[in-house]
Amino acid sequence: MAKMNLLQAINSALITVMEQDQRVMVFGEDVGHFGGVFRATSNLQEKFGRARCFNTPLTEQGIIGFANGLASQGSVPVAEIQFGDYIFPAFDQIVNETAKFRYRSGGQFSCGTLTIRTPYGGGIAGGLYHSQSPEAFFAHCPGLKIVVPRNPYQAKGLLLASIRDDNPVLFMEPKRLYRASVSEVPEEDYELELGKADLVQEGKDITLLGWGAQIEILQKAADMALDDGVSCEIIDLRSIMPWDAHTVAESVMKTGRLLINHEAPQTGGFASEIAATIQDKCFLYLEAPIARVCGLDTPYPLAHEKEYMPDQFKTYEAIKRTLKY
Amino acid sequence: MQDRNHLARVNTTHQVHIIENGLIDIPMLQILKPDGTLHNEAREPELNEDTARKIYDTMEYIRVLDERMIGAQRQGRISFYLASTGEEAAAVASAAALSEHDMIMSQYREQGALAYRGYTTSQFMNQMFSNEKDPNKGRQMPIHYGDKPLNFMTISSPLGTQIPQAAGYAYGQKMAGNEAITICYFGEGAASEGDFHAGLNMAAVLNCPVIFFCRNNGYAISTPADEQFAGDGIASRGLGYGIKTIRVDGNDPLAVFAATQQARKIALEEQCPVLIEAMTYRLAAHSTSDDPTGYRSREEEDKWRAKDPIQRMAKWLQQKGWFDEKANKQLIEESRQAVLAALKEAEKVPVNPIDDIVSDVYSDVPWHLEEQLNNLKQHIRKYPGEYPKTSGRVK
């Protein structure tokens, strides 16, 4: 075990898989010698050469189009989009191509080996174009897997599983935790299962559900609620698609209450999908409406970031409202 | 760290110096005259009788297939078709210059390239009738062919998306050490999409062994080329991206063959992209949903009919003594019958079982799709008469 921050854990995962599999190639804007704007790909070019770790021109649709071709050829591309906010120029290549390659060809061709890494989320004073959480746009598109780690240990294990998974994976990294979160990470190879939620903390009064950087917020809110004698169960969804409805439903049937927290705007956010499914599966067990604590339905603001964020105080208030309903 | 100088190749001037489009002169390679003789100074590519006949026969076959399938669409037997009449040489003669190991990434008007590789009439029909023998499992509109054994990538409807993909595919071939390249077909309309610019730039910078083959056929549905781009066609764009470029008469099978053969050699030996712009004309409608009489004249079409690539090659074959009028007529007749027979056969084949509606979305069927399929089956069982294509097989 070694102490690593989230970036080091990602770097360690990439080194692990590039050493094992010659077919793995890492590319994107500035990822070569410079190691990416956040340095997640540091030293890869020195270790594995310019042919396997390289800079691309500034063209997101080009990066993903190129990655789709590579993946369909049988290589294992790990493409970086510098910020999740800049993934939209590649939207067509992801939604119409990456996601549908296997289906449209009846399984003859696929982009299953592709992993798209991208930083997402706020809390870094990034304003409109460096703070978005675009997971719901992609969750609406059949054929993609979406994975979000919450700490360095999760990041390495989930990234290795994503790269080796036989489906294209959008791997969203909480950039606010890149250097803030440090944990023990095995230097050796390990994988964490995709599509499986993680029970972070057991409790009996309410289930708090989130992913990525928001797990920290849920933890803080749960600690506040504990002072009031409220016992919170915390679940990290980890995979947005496919998502582990079974684990969530089981928890809700036990606690009778559910609160979902995400940074993205509330309307059409993935919390809506979860709420609809859980009311379908657990209707008679629910003792209160399912609460959503989300971003506002506005672009992500700069000066009012603190007010915009679904933080622990808003979460704590929602816990109280739900329990009192 | 390496010292780089991006001004190394820049000349200086001390007057305001404006470069105009007219100064760029990209000639068009022509080998065959319309009468089947060679232009002065033109050299025949190395083309033996078998290959020459195969190119010709494939072009004739595709014309027959196109005619019959447009008819079938008019009769309501298939929902859609897209003919390549007038452009057969562009697809067929270019495919003939490739190795069978080269990947073909097609737009949608390259049935000639697929036929040249050996796709059978039945295979064409099964795809167009979306039956259970369709390798796409009935998920795409007619003409979205794809065949892994023939190295022909399944066609996608969105325009131009195959262009950056071809760069990536070719990069993968290079990294795997394959003695193969990728060819990517598209029309001049698709060259307006962002994917074209992204793909060419990526391929040039990352040294990908790929041929970008543009069929400049005059129209993008109803929009004529001069409303699609300014400047000297698509070829000049290749030069702008630092890509070796050839412009060729797309209705001259020998010129297309020679240009593609040379492009392939460069792509493979120098591990770099090459752009070919084939100047041709879409004599057919864009698709069966289009009516060209609304936007172009009969006279214009007739001018291009006189440049028919099939006629031109027939005359050349005759001069070589490689053409037998009677055998050719018989071949066309046999093709017509074969197409009709395969059509009737494919029409009778049922669609895929309903389980295939959720397969291939992911490598395995996840829980939510399993649930949705079970609900759907239960519903079909309740209303079998409303879902006659599948209800017989839902137990």
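Modeller: Tyr300(A) and Tyr308(A) are both buried, and in this predicted model their rings form a tilted aromatic pair, with 4.5 Å from centre to centre and 50° between the planes. A pair of aromatic rings is described in just these two terms, the distance of the centres and the angle of the planes. Over all chains, the structure holds 28 aromatic pairs. One of them joins Phe88(A) and Phe137(A) in an edge-to-face arrangement, at 5.3 Å centre to centre and with 75° between the planes. Phe88(A) belongs to the loop between strand E4 (76-80) and helix H4 (91-98) of chain A, while Phe137(A) belongs to helix H6 (residues 135-139) of chain A, so this pair ties together parts that are 49 residues apart in sequence. Phe88(A) counts as partly exposed because its relative accessibility is 28%, and Phe137(A) also counts as partly exposed, at 47%.

The charged end of Arg139(B) sits over the ring of Tyr103(A), 3.9 Å from the ring centre. Within chain B, the charged end of Lys54(B) sits over the ring of Tyr116(B), 4.2 Å from its centre.

At the surface, Phe283(A) is exposed, with a relative accessible area of 58%. Phe283(A) lies in the loop that runs between helix H10 (270-282) and strand E14 (291-295) of chain A. Together with Met253(A), Leu284(A) and Tyr285(A), Phe283(A) forms a nonpolar surface patch of about 490 Å² of accessible area.

Notes. Residues numbered from 1 in each chain as written. Chains lettered and ligands numbered in written order. Predicted model: local features only at pLDDT ≥ 70, side-chain atom pairs only at ≥ 80, totals over all residues. Heavy atoms only, no water. Patch = residues over 30% accessible without salt bridge, like charges linked within 9 Å, V, L, I, M, F, W, Y side chains within 5 Å. Areas by Shrake-Rupley, 256 points an atom, 1.4 Å probe, with all protein chains shown as cover. Salt bridge = Lys/Arg side-chain N within 4 Å of Asp/Glu carboxyl O. Helix = DSSP H or I, 4+ residues; strand = E, 2+ residues; numbered from the N terminus. Buried < 20%, exposed > 50% of the residue type's maximum accessible area, 1.4 Å probe, protein only. Phe/Tyr/Trp six-rings, centres within 6.5 Å; stacked < 30°, edge-to-face > 60°. Lys NZ or Arg CZ within 6 Å of the ring centre and 35° of its normal.
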